[in-house]
Amino acid sequence: MSDLAKPMISEDGFKLQESLDKIKHIIIVLSGKGGVGKSTVSANLAATLSMRGYQVGLMDVDITGPNIPKMFGIEDEGLDVQGEKLIPVSVPPSMKIMSMAFLLQTRDTPVLWRGPVKMTAIRQFIEDVRWGDLDYLVIDMPPGTGDEALSIVQLIPKADGIIIVTTPQEVSLLDARKSVTFSAQSQIPIIGWWRT
Ligand SMILES: Nc1ncnc2c1ncn2[C@@H]1O[C@H](COP(=O)(O)OP(=O)(O)OP(=O)(O)O)[C@@H](O)[C@H]1O
Ligand SMILES: [Mg+2]
């Protein structure tokens, strides 16, 4: 097993596992470059699965540039808390959405966090959110294979697959190759390739 694919082990690993055990399939939407359509693909994939009758979670892991709420017109929603868990925002017919945007005071508030803090936030997005039983969890990543992508593959080493999004431009394809290598190193199969 490569270092990248090593699962994170912690005292409260069971809490993470408890949340993951209720999710049947996990799909990560990734790209090497920014602005190529990841959030659009994630939103449409989640909405399509939901319209087909599946229970779907959509997790916006773009901590510094969360766009998913805007795409569903729910950017002014806040999160309720039940017990120790955050309740994701529900969107019909059967979607649950979690995003950093719900936690920011204003739309213009920047998030100035370094890697380890982002890692903690992403972990909490999985284990401290009441996702419940899901058929699919779609994860919208920020661009590149940095802190957030590493956190996700360490927290969820058994994700079902990665969808790589790119544009036809050479620079975008060049960066997409890095996502392919990342997928191989993290031992999560590429299940789709979307060229916008
Ligand atoms: N197939 C498409 N045709 C035309 N425009 C598109 C297409 N897909 C996405 N867009 C537009 O391109 C812009 C960027 O899309 P999106 O936010 O989905 O990209 P992203 O990869 O998530 O960006 P970021 O890296 O900043 O998170 C948006 O304005 C979106 O509406
Ligand atoms: Mg995006």
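The exercises below, each with a worked solution, concern a predicted model.

In this predicted model, local features need pLDDT of at least 70 and side-chain atom pairs count only at pLDDT 80 or more, whereas totals for chains, interfaces and linings use all residues. Residues are numbered from 1 along each chain as its sequence is written, chains are lettered from A and ligands numbered from 1 in the order in which they are written, and side-chain values use heavy atoms, with hydrogens and water left out.

**Exercise 1.** Describe how helix 1 and helix 4 pack, and list the residues that meet.

*Solution.* Helix 1 (residues 13-21) and helix 4 (residues 115-127) pack at about 50°, and their axes are 8 Å apart. Helix 1 is therefore oblique to helix 4, a class left for angles that are not under 35 degrees (roughly parallel), over 145 (roughly antiparallel) or 65 to 115 (roughly perpendicular). Next, turn to the contact, which means heavy atoms within 4.5 Å: Gly13, Lys15, Leu16, Ser19 and Leu20 of helix 1 meet Arg123, Ile126 and Glu127 of helix 4. By class, these residues are three nonpolar, two polar and three charged, with Gly counted among the polar ones.

**Exercise 2.** Work out which residues surround ligand 1 and which polar contacts they make.

*Solution.* Start with the shell, in which a residue has a heavy atom within 4 Å of the ligand; the residues are Gly34, Gly35, Val36, Gly37, Lys38, Ser39, Thr40, Asp62, Met71, Pro143 and Thr196. Sorted by class, the shell holds three nonpolar, six polar and two charged residues, and helix 2 (residues 38-51) gives the most to it, with three residues. Then look for polar contacts, that is, pairs of N or O atoms within 3.5 Å. A backbone N or O atom of Val36 lies 3.1 Å from an oxygen atom of ligand 1, a polar backbone atom of Gly37 is 2.9 Å from a ligand oxygen, and a polar side-chain atom of Thr40 lies 2.5 Å from one. Finally, of the 630 Å² of accessible area that ligand 1 has on its own, the protein covers 53%, as given by the Shrake-Rupley method with a 1.4 Å probe.

**Exercise 3.** Locate Pro93 and describe the peptide bond from Pro92 to Pro93.

*Solution.* Pro93 is in the loop between strand 5 (89-91) and strand 6 (95-99), and the peptide bond from Pro92 to Pro93 is cis, with omega near 0°.

Conventions
Axes fitted to C-alpha atoms, helices over the stretch in contact; angles between N-to-C directions. Helix = DSSP H or I, 4+ residues; strand = E, 2+ residues; numbered from the N terminus. Polar contact = N/O pair within 3.5 Å; in protein donor to acceptor, adjacent residues only side chain to side chain.
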